[in-house]
Amino acid sequence: MDPNLHQYRVDVEWTGNHGTGTTGHRDYGREHFLRATGLPDLPGTADPTFHGDSDRWNPEQLLLGALAQCHMLSYFHVAVKYGLHVTGYTDSAAGTLRLNRDGSGEFTEALLSPRVVLADESQRGLADSLHERAHQLCFIARSVNFPVLNRPVAP
């Protein structure tokens with residue numbers, strides 16, 4: 001097996017059958033669970049705009065979460081490489097989804113707003129510059145076909 005190839009597996013189980021299955025757009029729930037071996041179940045749904053529940057994760061949020069997580073983890077890797085001592089990190093990711101007349105849609109952009117706390121504030125210039133390198137390394141950002149922008153926010 002090629003050591004450069006990594007396989008991932010998740011299972012999805014739909015739990016939204018209200019007894020009539022998919023007989024009509026409003027006749028079924030969008031509830032489901034996302035599962036992976038050894039991890040807690042993640043309750044999923046559609047966005048409330050698309051008849052989902054606001055108390056469960058939707059695919060659009062999960063995509064933004066994956067982008068934000070990947071950037072953070074890539075940033076930490078780069079920070080260590082450049083001797084940057086990060087002591088705190090948060091991000092408020094946002095994305096834009098465009099719906100098309102044919103019922104399809106796609107993300108047109110995602111904006112990550114990482115807030116990095118440093119042990120030594122004199123390294124702020126380096127800290128801000130490393131977001132570009134982290135972006136270049138992020139597996140998820142490299143895999144999507146829309147712009148993923150990074151705008152660091154001052155702590």
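Is Glu106 buried, partly exposed or exposed, judged by its relative accessibility? At 28% relative accessibility, Glu106 counts as partly exposed, where buried means under 20% relative accessible area, exposed means over 50%, and partly exposed lies in between (1.4 Å probe, protein chains only).

The legends below describe a predicted model, in which local features need pLDDT of at least 70 and side-chain atom pairs count only at pLDDT 80 or more, whereas totals for chains, interfaces and linings use all residues. Residues are numbered from 1 along each chain as its sequence is written, and side-chain values use heavy atoms, with hydrogens and water left out.

View 1. The chain is divided into domain 1 (9-48) and domain 2 (57-148), with bounds that come from an automatic or database domain assignment. The centres of the two domains, taken over C-alpha atoms, are separated by 28 Å. To the contact between them, domain 1 contributes 8 residues and domain 2 contributes 5 residues, contact meaning heavy atoms within 4.5 Å. About 420 Å² is buried between domain 1 and domain 2, with carbon and sulfur atoms giving 58% of that area; buried area here is the accessible area (1.4 Å probe) that two parts lose on being put together, summed over both. On the side of domain 1, Leu42, Thr45 and Asp47 lose the most area to domain 2, and together they make up 66% of what that side buries.

View 2. Between domain 1 and domain 2 the count is 0 salt bridges, a salt bridge being a side-chain nitrogen of Lys or Arg within 4 Å of a carboxyl oxygen of Asp or Glu. Strand S3 (residues 42-44) supplies the largest share of the side of domain 1 that touches domain 2, namely 3 residues, where strands (E, at least two residues) and helices (H or I, at least four) are DSSP runs numbered from the N terminus.

**View 3. The salt bridge of Glu13 and Arg35.** The count for the model comes to 6 salt bridges. In one of them the side chains of Glu13 and Arg35 meet at 2.3 Å, N to O, and the pair links distant parts of the chain, with Glu13 in strand S1 (residues 11-14) and Arg35 in strand S2 (residues 32-35), 22 residues apart. Glu13 is partly exposed at a relative accessible area of 39%, and Arg35 is also partly exposed, at 26%.

**View 4. The salt bridge of Glu106 and Arg98.** The closest N and O atoms of Glu106 and Arg98 are 2.5 Å apart. Arg98 counts as partly exposed, at 44% relative accessibility.

View 5. Glu121 is partly exposed, with a relative accessible area of 46%. Not counting residues up to four places away in sequence, Gln123 touches Gly83, Leu84, His85 and Leu118.

**View 6. Arg30 in the loop between S1 and S2.** Arg30 is buried, because its relative accessible area is 12%. The side chain of Arg30 reaches the backbone oxygen of Phe50 at 3.5 Å, and one of its polar atoms lies 2.8 Å from the backbone oxygen of Tyr28. Leaving aside neighbours within four places in sequence, the contacts of Arg30 include His25, Gly44, Thr45 and Phe50.

Notes
Polar contact = N/O pair within 3.5 Å; in protein donor to acceptor, adjacent residues only side chain to side chain.
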